Amino acid sequence: MAIEKKPRNQMPCREPKQRARTFEEVALGYDLETARAEASRCLGCKNPLCMQGCPVGVRIPEFLHAVAEGNIPLAGRIINSTNSLPAVCGRVCPQENQCEKMCVRAKIDAPVAIGNVERFVGDSMLESKPSENPVKSKERAKRVAVVGSGPASLTCAASLSALGAKVCIFEAFHKAGGVLVYGIPEFRLPKKLVESEIAKLAASGVEINLNTVIGKSVTVEELTENYDAVFIGSGAGLPLFLGIEGEGLNGIVSANEYLTRVNLMKAYEKDSATPVRRGNNVCIFGAGNVAMDAARTALRLGAQNVTVVYRRGKEEMPARKEEIRHAEEEGVKFELLSAPVGFVGDGSGSVQKVVCERMKLTEPDAGGRRTPVRIEGSEFEIDCDLAVIALGTSPNPLIKNSFPALEVGARGTITVDENMQTNIDKVYAGGDAVTGAATVILAMGAGRKAAAAIAKRLGLKE
């Protein structure tokens, strides 16, 4: 029997010209009717491949069925059993490469918009009154320290708190949330949502200590002495640079610094005390999601021309297709198969131009990857009064340097076993501190896995 085709319900968005100069959220979200219609497209497969594509194992067909029936509270409970940040994941997860990529419906018409429906449920959960924490304070005999407050740490903390542990988060910044508050722009992830998730976590009994730098304010050794287990989810905040001539000129910044000033410190607001350089001709180097965030942020800060420079072609760009499309719609230009070779100053110490050269791709190697190689004599210039380097990040060496007993890999990432445990007894780690810069949902998966191992160690049971 043939399955009826049902078109995918598209996410409504602000018009490109309207949104390109404002930090208001671009995607507007589903209403209840649309969410139910989209959820009803799920085929309810006996072997749900979509779940195999989810790093945290959300019971996708179950929550979609609940939404289709109009039972949003039930859908929320189903999602929350494995994912404590659905409003966030619904916005920033690369579903097209994970759950939706595995969706059987894609063979018929288009995959179910799992992320869009999850976002609707997550937002509904935040709008409803939170239930009281079922674990009484006197039952919290086991103490766990969590370093950092990004996705891996928040997931680990939420899981352990729900099981009865007394969890204490230590965050270096003045706000909790990690990359969710400093790395992802307001127009993709409104900070009020992150604040609501943090407030929900605090209400569950998790203690959050801000302005506390582990390795300076408190040592890892002190944590191991005073807590039954330690989870390190300190992220990857050390930016990588190009290493080319002129990179020390004024007006050349890492995407990490640029986005942190704008996102966490609200430099885009009219009366903000945080300085941020605003350029007319802005060049972004890199083509991942961070590069798209930086490019679209530059437009919103008033840039006339924003150009993404990438040494490979469009098909090789690692950013989400949706983010690339949104950037193009808003007016970002792409200089593909091009690589920078040097920056030119204006005579007073600031960048004025970037010199690039054309590239071509080799035939695919055994792994299917094509390597860019330079084309001799192909140099050209681009006007550039602000350059943002978005080549990725590596873990901050502070914890490693202050705790030399901790084993790390060649790139500074913390070494862990299959249970996310480090070489130090009762010290676990996960997220970007272990993998290097990756996705929010992969970090959450690591936090959940570490929490399960810690819970087993401490004898915590549901």
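1. Ile284 stands opposite Val308 of strand S8. Strands S7 (residues 281–285) and S8 (residues 305–309) run parallel and are joined by five bridges. Strands (E, at least two residues) and helices (H or I, at least four) are DSSP runs, numbered from the N terminus. Two strands are said to pair if DSSP finds at least two bridges between them.

2. This is a predicted model, in which local features need pLDDT of at least 70 and side-chain atom pairs count only at pLDDT 80 or more, while totals for chains, interfaces and linings use all residues. Residues are numbered from 1 along each chain as its sequence is written, and side-chain values use heavy atoms, with hydrogens and water left out.

3. S7 and S8 belong to an open sheet of five strands, in the order S6-S14-S7-S8-S9, with parallel pairing. The edges are taken by S6 (252–254) and S9, each of which has a single partner strand, so one side of each is left without a neighbour in the sheet. On average, neighbouring strands of this sheet are turned by 25° against each other, direction ignored. Axes here are lines fitted to C-alpha atoms, for helices over the stretch in contact, and angles run from 0 to 180 degrees between N-to-C directions.

4. Helix H14 lies across S7, S8, S9 and strand S14 (386–389), and runs at about 170° to S8. H14 (289–300) is also among the elements covering the buried residues of helix H15, together with helix H1 (16–19) and strand S9 (333–335). Contact means heavy atoms within 4.5 Å.

5. In H15 (residues 321–330), the buried residues are Glu323, Ile324, His326, Ala327 and Glu330. Seen down the axis of H15, these fall within an arc of 165°, so they line one face of the helix. The arc is that of the directions from the helix axis to the C-beta atoms. Buried means under 20% relative accessible area, exposed over 50%, and partly exposed in between (1.4 Å probe, protein chains only). Gly331 follows H15 and has a positive phi, near 110°.

6. Strand S1 (residues 143–147) has four of its five residues buried, so S1 is largely enclosed by the rest of the structure. S1 pairs in the parallel sense with S2 over five bridges, and with strand S4 (residues 229–232), also in the parallel sense, over four bridges. Val146 has a bridge partner in each: Ile169 in S2 and Phe231 in S4.

7. S1, H9 and S2 form a right-handed β-α-β unit. A crossover is right-handed if, with the strands pointing away from the viewer, the path from the first strand over the helix to the second runs clockwise.

8. Ala157 is in helix H9 (residues 151–162) and is buried, at a relative accessible area of 0%. Leaving out residues up to four places away in sequence, Ala157 touches Val146, Val167, Ile169, Leu201 and Val206. Ala157 and Ala451 are 294 residues apart along the chain, with their C-alpha atoms separated by 7.6 Å.

9. Phe170 is in S2 (residues 166–170) and counts as buried at 9% relative accessibility. Beyond its neighbours within four places in sequence, the contacts of Phe170 include Ala145, Val146 and Val147, as well as Leu223 and Tyr227. Thr212 is also in contact with Phe170; the two are 42 residues apart in sequence and 5.9 Å apart, C-alpha to C-alpha.
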